Amino acid sequence: MAWSTAAAIYFIIWWVVLFAVLPFGVRNSAEEGLAIETGHDPGAPTELGMGKKLVWTTVITSVLFAICWVIYVYRLVTLEELGTLWGLLR
């Protein structure tokens with residue numbers, strides 16, 4: 001696998017994981033017991049914590065990418081096996 005392909009796959013996995021991690025730990029004003037200011041969305045988070053979320057996203061993505069890399073390098077699953085599994089090949 002070329003490094004550019006590996007980087008593209010890592011980038012795609014990173015974005016998917018980021019959107020999965022974003023809702024974790026989010027609390028709105030009502031959950032915090034704070035008054036909702038006029039003009040603000042009541043469901044808006046009070047604290048984002050993006051630094052921690054970016055770190056967790058990178059850690060999770062690195063683990064998932066390492067698993068995919070091992071599967072690819074050691075040919076644990078081939079395209080022929082996937083085609084047979086999905087009923088595309090006989």
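1. V59 counts as partly exposed because its relative accessibility is 42%, where partly exposed is the class between buried, under 20% relative accessible area, and exposed, over 50% (1.4 Å probe, protein chains only). V59 belongs to helix 3; helices (H or I, at least four residues) and strands (E, at least two) are taken as DSSP runs and numbered from the N terminus. The C-alpha atoms of V59 and V26 are separated by 20 Å, with the two residues 33 apart along the chain.

2. A remark on the basis of these values: this is a predicted model, in which local features need pLDDT of at least 70 and side-chain atom pairs count only at pLDDT 80 or more, while totals for chains, interfaces and linings use all residues. Residues are numbered from 1 along each chain as its sequence is written, and side-chain values use heavy atoms, with hydrogens and water left out.

3. Helix 1 runs over residues 3–21, and its 19 residues reach 26 Å from the first C-alpha to the last, close to the 27 Å expected at 1.5 Å a residue; the expected span is 1.5 Å times one less than the number of residues in the helix. For helix 3, the 24 residues should span 34 Å at 1.5 Å a residue, and the end C-alpha atoms are 34 Å apart, which agrees.

4. The buried residues of helix 1 are A6, I13, W14, V17, L18 and V21. They cover an arc of only 140 degrees around the axis, which puts them on the same side of helix 1, the arc being that of the directions from the helix axis to the C-beta atoms. On the other side of helix 1, F11, I12, V16 and F19 are exposed. Helix 3 is included in what covers the buried residues of helix 1.

5. The relation can also be described from helix 3, where K53, T57, T61 and F65 are buried and where the cover of the buried residues includes helix 1. T61, which is found in helix 3, counts as buried because its relative accessibility is 0%. Leaving out residues up to four places away in sequence, T61 touches Y10, I13, W14 and V17, a contact being heavy atoms within 4.5 Å.

6. V17 has its place in helix 1 and counts as buried, since its relative accessibility is 9%. With residues up to four places away in sequence not counted, V17 touches T57, I60, T61 and L64. V17 and V59 are 42 residues apart along the chain, and their C-alpha atoms are separated by 10.0 Å.

7. I71 is also found in helix 3, and it is partly exposed because its relative accessible area is 32%. I71 touches L76 and V77, again not counting residues up to four places away in sequence. The C-alpha atoms of I71 and T46 are separated by 41 Å, although the two residues are 25 apart along the chain.

8. R75 deserves a check of its backbone. R75 lies in the loop between helix 3 and helix 4, and it has a positive phi of about 50 degrees although it is not a glycine. Most residues other than glycine have a negative phi. R75 is exposed, since its relative accessible area is 53%.

9. The largest pocket holds about 210 Å³ of space and is lined by C68, I71, Y72, R75, V77, T78, L79 and L82. On a 1 Å grid over the protein atoms alone, a pocket is an open set of points where a 1.4 Å probe fits, with protein on both sides within 12 Å along at least five of seven lines, and lining residues have an atom within 4 Å of a point. Grid points are joined across faces, edges and corners, and a volume is the space filled by probe spheres set on the points. Helix 3 (50–73) and helix 4 (79–85) each supply at least two residues of this lining, and the largest share, three residues, comes from helix 3. By class, the lining has six nonpolar, one polar and one charged residues, with Ala, Val, Leu, Ile, Met, Phe, Trp, Tyr, Cys and Pro counted as nonpolar, Asp, Glu, Lys and Arg as charged, and the others, Gly among them, as polar.

10. The second largest pocket has a volume of about 170 Å³, and its lining includes F24, G25, V26, R27, E32 and T46. Helix 3 gives the most to this lining, with three residues. The lining of the second largest pocket divides into four nonpolar, three polar and five charged residues.
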